[in-house]
Amino acid sequence: APPRAAAAAAGGGAAEGDEPAQAAPAGKSEGKGEGKSIGARVRDFFIGGEKLNKERLAKLGTSALLSYGAVSNLNAITLVIVAWCGFASNTGLSPLAPGQWKAFLAAYTALYAVVGNLGRPLRFTLSVAAAPFFDRIVKFFQGRFNLKPALAFGLTVFCVNVCGSFTYLFVGLRVATLVAGVPLLP
């Protein structure tokens, strides 16, 4: 709303000579994107308003699928770290302590069900944005080691989605538990 209309709505009254603020007609918006959630506007900015799903990612190429795997791993591992620290903070115990694993998995599952699902549009958007980076990695392996595209892709998956994910899990979990002052191990 314009500043004067906002002031009037906030109880400041209309200034002399101001016309009362009028609502936009039903079904019409004042500007592009109005009425959409922030997430929808961000998604539309990056992908042009089209529905982004796994089928569209597949059409974008293997690098988009590779980046989706990496982004999804980062998301899942970040949620493991957050759940671990939260669980250990609440119980004073490591999830690896005897009898604690089932309760930790319940906490992680609840966190993933909420945050993980809400973050899905962001994961798709980040995957599309990161695809050129992964394409450069694949091309680097092809050129540097004279590999066929499929083998370069497999090497990239191994380096990023396997080695990179485990490294982030172990180092991230260790750093987070040190910072939070919670137990990593029983």
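Helices here are DSSP runs of H or I with at least four residues, strands are runs of E with at least two, and both are numbered from the N terminus. The model is a predicted one, in which local features need pLDDT of at least 70, side-chain atom pairs count only at pLDDT 80 or more, and totals for chains, interfaces and linings use all residues. Residues are numbered from 1 along each chain as its sequence is written, and side-chain values use heavy atoms, with hydrogens and water left out.

The chain has seven helices and zero strands. Of its 186 residues, 30% count as buried, that is, under 20% relative accessible area, with exposed meaning over 50% and partly exposed in between (1.4 Å probe, protein chains only).

Let me turn to the aromatic rings. Rings of Phe, Tyr and Trp (its six-membered ring) pair if their centres lie within 6.5 Å; planes under 30 degrees apart are stacked, over 60 edge-to-face, and the rest tilted. The structure holds nine such pairs. In one of them, the centres of Tyr 108 and Tyr 112 are 6.0 Å apart and the planes stand at 35°, so the pair is tilted. Both residues lie in helix α5 (residues 101–118), four residues apart, about one turn of the helix. Tyr 108 is buried at 17% relative accessibility, whereas Tyr 112, at 28%, is partly exposed.

Phe 140 and Phe 141 are also tilted, because their ring centres are 5.6 Å apart and their planes at 55°. Here Phe 140 is partly exposed at 45%, and Phe 141 is buried at 11%.

Finally, Trp 84, Phe 87, Trp 101 and Phe 104 form one aromatic cluster.
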